[in-house]
Amino acid sequence: MKKETKLIHKGRSPRENHGIVNPPVYHASTVTHATVAEYEESSKKPFDGVHYGRTGTPTSFALEDAVTALYGGHRTVALSSGLAAISVTLHALLKSGDHALVADNVYGPTRVRTCNGLLARAGVNVTYFDPAQSIDGLVKPETKVVYFESPGSLTFEMLDAGKISAEAKAAGATVVMDNTWASPLFFQPFEHGVDIIIEAGTKYISGHADVMLGLVTVSTPEQFQVVKWTGNALGNCPGPDDCYLGLRGLRTLSVRLERHFKNAIRLAEWLQGRAEVDRVLYPALPDDPGHEIWKRDFSGASGLFGVVLKEYSKASIASMLDGMELFAMGDSWGGYESLMIPTDPGKIRTVNEWKATGPSLRIHAGLEDPEDLIADLEKGFGRLTAQG
Ligand SMILES: Cc1ncc(COP(=O)(O)O)c(C=O)c1O
């Protein structure tokens with residue numbers, strides 16, 4: 001089955017549900033057992049089957065099964081947010097004295113909260129690597145995890161997943177990749193040697209800006225046990241309605257992403273022609289530094305990209321953004337609507353300096369008519385240049 005067909009058919013079985021197309025939403029904490037023997041059996045293996053609301057219900061299993069079918073691998077663990085998926089996975093794989101090697105351009109909270117906050121407090125040593133370089137020579141005997149995103153969600157630098165995975169695995173480390181930008185539709189991390197895939201289901205999977213959801217897809221039963229155990233030990237589980245909405249969002253992922261891609265490339269090319277713009281950060285553009293890797297490994301690009309402007313004051317950026325009609329300002333992305341925020345990608349980097357002539361913006365191209373979006377941007381540039 002092709003991915004587009006799996007999106008429609010996996011994670012549901014109408015014949016077991018009165019013929020109803022979508023699986024039901026089970027709201028559950030208590031799960032009752034008919035006999036002592038059944039209760040004891042279920043308690044021994046709480047992660048096999050339905051044992052207690054926190055360990056999973058048919059609703060969360062349906063979503064997990066669909067995501068596993070899309071990525072391949074062993075199984076998926078659904079959690080309460082993308083950041084929960086990141087923190088749970090890294091806590092599952094790392095303990096005091098271990099080392100993790102993390103790309104310098106990862107999602108800010110992965111770095112600041114999970115790595116420099118929680119992991120440092122737990123005695124894990126985290127160092128960062130230049131996303132443009134090989135990790136050869138940086139992996140130590142105590143390196144247990146190599147972690148990256150490609151492209152990074154602020155600078156859009158592409159990493160060579162296959163090369164990094166081969167180098168990490170040769171040194172015995174587990175490779176974890178946040179694949180939220182591409183989703184299973186546009187990049188298949190397991191085919192490039194990645195061991196564990198993180199996805200913020202909050203973004204494209206749910207697709208409507210109304211759900212918090214994290215997904216961890218693992219490649220072995222051992223990884224499943226340790227990730228599932230850690231999520232459960234931390235008391236983390238997704239809400240049933242969010243699992244349902246995540247699964248419902250999946251059904252239309254291919255048509256939505258196709259349109260996000262089409263709109264983003266239209267906007268990116270238009271922006272490249274503007275005098276106010278220094279460069280556009282989008283690996284689908286032929287002159288992007290990451291284009292070769294993207295073209296070789298990915299089958300599409302999502303709607304999220306960056307723009308580096310020429311030199312403009314903070315007041316001019318505010319004047320541009322405050323007056324946007326169709327682009328709202330908000331931290332997330334992956335919903336049906338367009339977004340635009342000011343960014344400062346250099347602020348938290350430590351390995352190499354992020355060079356930018358002027359202020360940066362991050363744009364999420366939604367599903368609107370791209371010509372309306374361009375008209376809004378054009379008016380925005382009018383306000384930007386009027387301020388100077
Ligand atoms: C690349 C990336 N990974 C993970 C996350 C975290 O997801 P969540 O907001 O669901 O915690 C985000 C959120 O913006 C993200 O951009």
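Is Cys-115 buried or exposed? At 2% relative accessibility, Cys-115 is buried (buried is under 20% relative accessible area, exposed over 50%, and partly exposed in between, with a 1.4 Å probe and protein chains only). Please keep in mind that this is a predicted model, in which local features need pLDDT of at least 70, side-chain atom pairs count only at pLDDT 80 or more, and totals for chains, interfaces and linings use all residues. Residues are numbered from 1 along each chain as its sequence is written, and side-chain values use heavy atoms, with hydrogens and water left out.

**Domains and their interface**

- The chain is divided into domain 1 (3-251) and domain 2 (253-387), with bounds that come from an automatic or database domain assignment.
- The centres of the two domains, taken over C-alpha atoms, are 28 Å apart, and the contact (heavy atoms within 4.5 Å) takes 41 residues from domain 1 and 39 residues from domain 2.
- Together the domains bury about 3,400 Å², 64% of it on carbon and sulfur atoms; buried area here is the accessible area (1.4 Å probe) that two parts lose on being put together, summed over both.
- On the domain 1 side, Trp-181, Phe-186 and Tyr-204 lose the most area to domain 2, together 25% of what that side buries.
- The interface holds 22 residue pairs in polar contact, both residues at pLDDT 80 or more (a polar contact is a pair of N or O atoms within 3.5 Å; within protein, one must be able to donate a hydrogen and the other to accept it, and residues adjacent in sequence count only if both atoms are side-chain atoms).
- Elements that each supply at least two residues to the domain 1 side include α5 (108-121) and α9 (240-251); helices (H or I, at least four residues) and strands (E, at least two) are DSSP runs, numbered from the N terminus.

**Salt bridges**

- There are 14 salt bridges in the structure, each a side-chain nitrogen of Lys or Arg within 4 Å of a carboxyl oxygen of Asp or Glu, and three are found across the domain interface.
- Asp-104 pairs with Arg-349, with the closest N and O atoms 3.7 Å apart, and a network of salt bridges links Asp-104, Arg-111, Glu-157 and Arg-349.
- Asp-160 and Arg-296 meet at 3.0 Å, N to O; Asp-160 lies in the loop between β4 and α6 and Arg-296 in helix α11 (residues 291-297), so the pair ties together parts that are 136 residues apart in sequence.
- Helix α13 (residues 370-387) holds Glu-378, whose partner Arg-274 lies 104 residues away, in the loop between α10 (253-272) and β8 (277-281).
- Lys-379, also in helix α13, is partly exposed at 48% and forms a salt bridge with Glu-325 (3.4 Å, N to O).

**Backbone points to look at**

- Most residues other than glycine have a negative phi, and most peptide bonds are trans.
- A cis peptide bond joins Ser-150 and Pro-151, with omega about -5°, and Pro-151 lies in the loop between β4 (143-149) and α6 (161-170).
- Phe-156 lies in the loop between β4 and α6; its phi is positive, about 60°, and the residue is buried at 1% relative accessibility.
- His-18 has a positive phi near 55°, and this residue is exposed, with a relative accessible area of 76%.

**Cysteines**

- The structure holds zero disulfides, a disulfide being a pair of cysteine sulfur atoms within 2.5 Å.
- For Cys-237, the closest cysteine sulfur is in Cys-243, 8.7 Å away and too far for a bond.
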